[in-house]
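User: Hi! I'd like to learn how to read a structure like this one, feature by feature. Could you walk me through it?

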Amino acid sequence: MPSSPSSSPTSKSEAPPPAAAGTADLVIRVRGLVTRFGRQTVHDGVDLDVRRGEVMGIVGGSGTGKSVLLKEIIGLMRATAGRVEVLGVDMLAADSATRRAVQGRWGVLFQDGALFSSMTVAENVMVALKEHTRLDPCLIQELARIKISMVGLPPDSCAKYPSQLSGGMRKRAGLARALALDPEILFLDEPTAGLDPIGAAAFDELIGTLQRSLGLTVVMVTHDLDSLYAICDRIAVLVDRKIKVGTIDMLLADPHPWIHDYFHGPRGRAAAVKR
Ligand SMILES: Nc1ncnc2c1ncn2[C@@H]1O[C@H](COP(=O)(O)OP(=O)(O)O)[C@@H](O)[C@H]1O
Ligand SMILES: [Mg+2]
């Protein structure tokens, strides 16, 4: 795949993580999170710190509660117990106005993050702008066009409906919508699922480029080892209903059986060779 020096991805795993931060630099702080559905315990004392400007990957087996954790962080689901702070706001205790203000400071691209099928790409991106701002309609259209070009979609995709786009283009359109309000934090749930390896690598590169140029903090659930190697500073692994956080190098040395198998299995070795 052609890539110019300016756009070539640098392996995050070679770079040191952002300097160890004081609590002031924490954009997300999860403490003692417990999640139960009936008799099933999904999380049993999960702690997670995400520092400003880092890319945090979240991995774990199927059904370990990755998507639920994201939803609890952004307030779409309520944990059974524990504390979630985002941008300094206690999400469980805050009043609705405070929560709404914080919600405008992040963007989300969900696993099943369907675009509205009856709206064009531009209209999809404009939804949040119309809801959260009082900008002039012409300006809103212009902003939507800018976001759509930022994610690498051609100008003619603005007027297209989701059904007229490829899977990779739909993901990009969803990303444009997530970026509509110039978020500080971007939450992604398996953004490369369903894409072919080249499409997935291009999407990773896009996330990395946007993260660096916009100074975003990114929290990304993924099972894609290539993504972890390409763009994540640290990785949170959901095992035994808790979270273990580390750099790839730390996790490569971790003796936990699931973590060992994940990073040293055939796909892990392939990703490490590419690195
Ligand atoms: N709303 C819900 N009600 C009951 N159980 C749920 C609900 N949402 C998720 N679960 C269960 O919680 C577990 C974790 O789900 P999820 O976070 O979606 O897993 P994954 O790590 O694959 O994203 C699963 O066993 C799932 O069945
Ligand atoms: Mg999930």
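Analyst: Gladly! Let's begin with contact, which means heavy atoms within 4.5 Å. Helices (H or I, at least four residues) and strands (E, at least two) are DSSP runs, numbered from the N terminus. With those terms, what covers the buried residues of α3 includes α4 (137-150) and α5. Two conventions: this is a predicted model, where local features need pLDDT of at least 70, side-chain atom pairs count only at pLDDT 80 or more, and totals for chains, interfaces and linings use all residues. Residues are numbered from 1 along each chain as its sequence is written, chains are lettered from A and ligands numbered from 1 in the order in which they are written, and side-chain values use heavy atoms, with hydrogens and water left out.

User: What is the mean pLDDT of the protein chain, and which element has the lowest mean?

Analyst: pLDDT is the predictor's confidence in each residue, from 0 to 100. Here the chain mean is 89, and 90% of the residues reach 70 or more. Helix α10 (residues 266-274) has the lowest mean among the elements, 74, while strand β2 (residues 40-51) has the highest, 98. Take care with residues 1-10: pLDDT stays under 50 there, and the model has eight contacts for them beyond four places in sequence.

User: Which residues of α3 are buried?

Analyst: Buried means under 20% relative accessible area, exposed over 50%, and partly exposed in between (1.4 Å probe, protein chains only). In α3 the buried residues are V121, A122, N124, V125, M126, A128 and L129. V121 has 2% relative accessibility, so it counts as buried. Beyond its neighbours within four places in sequence, V121 is in contact with I148, S157, C158, K160, L165 and A173.

User: Is V245 buried or partly exposed?

Analyst: V245, in strand β10 (residues 242-246), has a relative accessible area of 31%, so it is partly exposed. Residues up to four places away aside, V245 touches L48, M56, R234, I235, A236 and M250.

User: How many residues of helix α1 are buried?

Analyst: Six of the eight residues in α1 (residues 66-73) are buried, so the helix is mostly covered. They are K66, V68, L69, L70, E72 and I73. Just after α1, G75 takes a positive phi of about 80°.

User: What order do the strands of the open sheet take?

Analyst: Two strands pair if DSSP finds at least two bridges between them. The open sheet of four strands runs β2-β1-β4-β5, with antiparallel pairing. β2 and β5 (89-90) stand at the edges with a single partner strand each, so one side of each has no neighbour in the sheet. Strand β1 (residues 26-37) and β2 pair over nine bridges, and L26 stands opposite R51 in β2.

User: Which residues lie nearest the centre of the largest pocket?

Analyst: On a 1 Å grid over the protein atoms alone, a pocket is an open set of points where a 1.4 Å probe fits, with protein on both sides within 12 Å along at least five of seven lines; lining residues have an atom within 4 Å of a point. Of the 23 lining residues, W106, V108, A128, H132 and R177 lie nearest the centre of the largest pocket. Elements giving two or more residues to this lining are α2 (96-103), β6 (106-109), α3 (121-132) and α5 (167-178).
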